[in-house]
Amino acid sequence: MPRLVFISLLLATSLNAFSTTNIQYLYGDFEGQTFLDTQNGAKHTITAEHYRTFAYGDVFMFVDYAYTHEGFRFTDKKNDLYGEFSPRLSLDKISGFSTSNGIIRETYAAFQYNRSDTYHAWLYGAGVDLNIPGFTVFGVNLYRKHQNLGDHTYQLSLNYYVPIGNQWHFEGFTDWTGRDFLSQNQLLFDLTQMIGIKEGKLEAGTEWHYYHENSYHSDNDVFQAMLKYTF
């Protein structure tokens, strides 16, 4: 997918109808044998996320900055920067024809760009938002993935959000490719009213991070403490 298309999509977000931005701090012991793990286990991560809709679709993006005092498992690096940019074009809004049929809420052409200092990948495919009882959000995207490290493959991505009462909620995503499986799921409690915050929203809780790498039969399974502030 030419970079010009992604730049055009980014500029189009100025027509947004809804947007939300948050920043997260996470701490966990990554003691496994994958490239995500560290030499002594402890890892600090700061994540910035942004989501917005625009006239013909939506865009989600995030950046992770990770730091470990002793360095990562397979490198001498003590910090790492990684990001993803994921625009989708609504086929319903572009065509004027609704694909909603009960379980399907909306259908998209889906794209994604992944980047770190040593790795990059371009993804393209199709996505749907589904109406699933109990979920306010349930998205499914299927991509063809072209990457500079490893074989090109396919990726199935799920994202979901479930409110639990007035102050708890569960959210997360799962990515499944031919070479690995990643799932990150968060259970969060809203502290905003309890501590009297007048602007934004502060949440605390935990994230379950699970990663499995097929080629080396290695994985990590980590519960992280986390804080999340939504602007």
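A charge sits over a ring if NZ of Lys or CZ of Arg is within 6 Å of the ring centre and within 35 degrees of the ring normal. In this predicted model, R144 lies over the face of Y154, at 4.7 Å from the ring centre.

**Charges over rings**
- R144 is placed over the face of Y154, its distance from the ring centre being 4.7 Å.
- K43 has its charged end over the ring of F30, 4.0 Å from the centre of that ring.

**Aromatic pairs**
- There are 13 aromatic pairs in the structure.
- One of them joins F135 and F138: the ring centres are 5.2 Å apart and the planes stand at 85 degrees, so the pair is edge-to-face. The cut-off for that class is an angle over 60 degrees.
- F135 is partly exposed, at 26% relative accessible area, whereas F138 counts as buried, at 17%.
- A cluster linked by ring pairs contains W176, F181, W208, Y210 and F223.

**Salt bridges**
- Side chains of opposite charge can pair when their charged atoms come close.
- Six salt bridges are found in a search of the whole structure.
- D58 and R88 form a salt bridge in which the closest N and O atoms are 2.8 Å apart. This pair links distant parts of the chain, with D58 in strand 3 and R88 in strand 4 (residues 79-90), 30 residues apart. D58 and R88 are buried.
- R88 also meets D129 in a salt bridge, at 3.2 Å from N to O. D129 is in strand 6 and R88 in strand 4, so this pair ties together parts that are 41 residues apart in sequence. Both D129 and R88 are buried.
- K93 and E106 form a salt bridge, with 2.6 Å between the closest N and O atoms. The pair links distant parts of the chain: K93 belongs to helix 2 (residues 91-95) and E106 to strand 5, 13 residues apart.
- K93 is partly exposed, with a relative accessible area of 42%, while E106 counts as buried at 13%.

**Nonpolar surface patch**
- I23, Y25, Y27, I46, V63, Y65, L81, L227 and F231 make up a nonpolar patch on the surface, and together they have about 830 Å² of accessible area.
- Strand 1 (18-29) and strand 3 (57-67) each supply at least two residues of the patch. Strand 1 gives the most, with three residues.
- L227, one of the patch residues, lies in strand 12 (residues 218-230). L227 counts as partly exposed, at 44% relative accessibility.

**Polar contacts of Q155**
- Q155 is in strand 8 (residues 153-164) and is buried, with a relative accessible area of 2%.
- The side chain of Q155 makes a polar contact of 3.2 Å with the side chain of K145. Another polar contact, of 2.9 Å, joins the side chains of Q155 and S157.

**Loop residues**
- Y119 lies in the loop between strand 5 (104-115) and strand 6 (120-130), and counts as buried at 14% relative accessibility. The C-alpha atoms of Y119 and L26 are separated by 23 Å, and the two residues are 93 residues apart along the chain.
- G196 is in the loop between helix 3 (192-195) and strand 11 (201-213). G196 is partly exposed, with a relative accessible area of 47%. From C-alpha to C-alpha, G196 and D80 are 35 Å apart in space, and they are 116 residues apart in sequence.

Key. Residues numbered from 1 in each chain as written. Predicted model: local features only at pLDDT ≥ 70, side-chain atom pairs only at ≥ 80, totals over all residues. Heavy atoms only, no water. Phe/Tyr/Trp six-rings, centres within 6.5 Å; stacked < 30°, edge-to-face > 60°. Buried < 20%, exposed > 50% of the residue type's maximum accessible area, 1.4 Å probe, protein only. Patch = residues over 30% accessible without salt bridge, like charges linked within 9 Å, V, L, I, M, F, W, Y side chains within 5 Å. Areas by Shrake-Rupley, 256 points an atom, 1.4 Å probe, with all protein chains shown as cover. Salt bridge = Lys/Arg side-chain N within 4 Å of Asp/Glu carboxyl O. Helix = DSSP H or I, 4+ residues; strand = E, 2+ residues; numbered from the N terminus. Polar contact = N/O pair within 3.5 Å; in protein donor to acceptor, adjacent residues only side chain to side chain.
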